[in-house]
Amino acid sequence: MCTYKLSRSELVELQNKRLRWLVKYVFERSPFYRRRFIENGIDPESIRTKEDLRRMPFTTKADLRDNYPLGLVSSDLSQIVRFHASSGTTGNPTVVAYTKQDVESWAELNARCLEIAGVTPKDVVQVSYGYGLFTGGLGLHYGAERLGAKVIPASTGNTKRQLKLMKDLGTTVICCTPSYGLFLAESARDEGLDPKRDLKLRVGVFGAEPWSENTRRRLEEQFVESAHDIYGMSELNGPGVAMECVMKDGLHVWEDHYIVEIIDPNTGEVLEPGEKGEMAVTTIMKEGMPLLRYRTRDITILDDEPCECGLNHARIKRILGRTDDMLKIRGICVFPSQVEEILMKTEGVSPHYQLIVDREGVMDRLMVRVEVSEDFKTDRLTDLVNLQQKLEEELKDTLSIHAVVELVEPKKLPRSEGKAQRIIDMRKI
Ligand code: DLL
């Protein structure tokens, strides 16, 4: 059955049916979840709908770490055909296990993602996410192959070769982090190429890190015809949980595979569509390592209004931040995405920046280090001072704290081939 283009009511019915399957499955096969049901006095038979799911406790990253490496695997180990892992900045990484069926579904979801962004079997898809334990490369690779497109498994790195491949093989779709997309565009110009004229890039599939509408504008001006946001995380398979369609007004979550709840990160209470909160996800098709109410720590807003593209899968707004990359500076919550939004809409600065937080005595200080853009040509110091002051004022208006802006020369900040490292918090060092 094609469950991709169902009506809203068919989708909800299917979700409830798959949820009932999941609850029975994990109760019978996962010692971790079986204990959870028993300890909380929950009869698995009583979880019949999405609303009933609210009685279940959340699953957290700490549960995965505490049960490292395979304590949350539900299927028989003999059925596992693949492992991926996320790097884990502290302690153990998070290992994710896939059955053959999981790998199949994951490919199907990524194929759908590409399709709703306008990718067709005629396209040449260059996958410049990392291949390996990181899920980006293989996830999109399998998706593009499933769609029947031609895949270039470029992986990350060797930027010159990436550009040569694009030129020589006529790449029409690029999949990479948005920061690497900007770097590829910059490197192309350094080589004397005008990407919009000399390359054939129609669609960009950008994800794995936060980005903004202004970054989209730059990517579309400088690099690809149409830039689309793709969301995912290793615990939920990898890329392909949600994707922007051609309308580019939110990311469709594949609700026949995932139940999404938006919760208040402090109380755990489920919020209404339109309210901002942390996304908790239940995987209703995964066999290897299904998760119930997994707290992603990603902050977004659910939109269940119909989309003009005709799909009935609800949408999430682009990820607005993470509960754990939120910086607390002098008691005020600052999300790097707020800073990016301001920088990207300001003429004269480039998309390359860092946030540096340190402490002078007891006072936290925020410094925003950003490159002046190459086309900002001036010999006058006053122009630079004005730019710096303008940025400081805008940051103050939005963040409600003073941030020192340091303007640096073009190409002075480190570039990243994968996820950009934008935050240097010296208070933790
Ligand atoms: O980043 C999977 C992925 C690969 C997604 C390629 C998209 C494209 P992880 O390494 O486990 O998996 O990191 C997951 O990255 O919880 C978010 O905080 C962040 N993230 C992923 N996609 C987006 C996005 C992959 N489109 C974590 N916007 C997630 C903002 C994103 N943040």
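Visitor: Is Tyr4 buried or exposed?
Guide: This is a predicted model. In it, Tyr4 has a relative accessible area of 8%. The limit for a buried residue is under 20%, so Tyr4 is buried.

Visitor: How many aromatic pairs are there?
Guide: The count comes to seven aromatic pairs. One of them joins Tyr4 and Trp254.

Visitor: Why is the pair of Tyr4 and Trp254 called edge-to-face?
Guide: The ring centres lie 5.4 Å apart and the planes stand at 85°. Planes over 60 degrees apart count as edge-to-face, so the pair of Tyr4 and Trp254 falls into that class.

Visitor: Where in the chain do the two residues sit?
Guide: They belong to distant parts of the chain, 250 residues apart. Tyr4 is in the segment before helix H1 (8-29), while Trp254 lies in the loop between strand S9 (251-253) and strand S10 (258-263).

Visitor: And Trp254, buried or exposed?
Guide: Trp254 is buried, with a relative accessibility of 0%.

Visitor: What about Tyr98 and Trp106, how are their rings arranged?
Guide: Their planes are at 25° and their ring centres 5.2 Å apart. Planes under 30 degrees apart count as stacked, so this pair is stacked. Both residues are buried: Tyr98 has 0% relative accessibility, and Trp106 has 2%.

Visitor: Changing topic: which residues come nearest to the ligand?
Guide: There are 19 residues around the ligand, and those that come nearest are Asp229, Ile230, Ser234, Asp298 and Lys419.

Visitor: What classes make up that shell?
Guide: The shell has nine nonpolar residues, five polar ones and five charged ones.

Visitor: Which element gives the most to it?
Guide: Strand S7 does, with five residues. S7 spans 226-233, and helix H6 (135-147) also supplies at least two residues of the shell.

Visitor: How much of the ligand does the protein bury?
Guide: The protein buries 92% of the 610 Å² that the ligand exposes when taken alone.

Visitor: Lastly, what does UniProt annotate at residues 331-427?
Guide: The unreviewed UniProt entry gives "domain: AMP-dependent ligase C-terminal" for those residues. In the model, the span 331-427 is 29% helix and 35% strand, and its end C-alpha atoms lie 14 Å apart.

Terms used: Residues numbered from 1 in each chain as written. Predicted model: local features only at pLDDT ≥ 70, side-chain atom pairs only at ≥ 80, totals over all residues. Heavy atoms only, no water. Near = heavy atom within 4 Å. Areas by Shrake-Rupley, 256 points an atom, 1.4 Å probe, with all protein chains shown as cover. Helix = DSSP H or I, 4+ residues; strand = E, 2+ residues; numbered from the N terminus. Nonpolar A, V, L, I, M, F, W, Y, C, P; charged D, E, K, R; others polar. UniProt positions renumbered as here; feature names shortened; annotations may be inferred. Phe/Tyr/Trp six-rings, centres within 6.5 Å; stacked < 30°, edge-to-face > 60°. Buried < 20%, exposed > 50% of the residue type's maximum accessible area, 1.4 Å probe, protein only.
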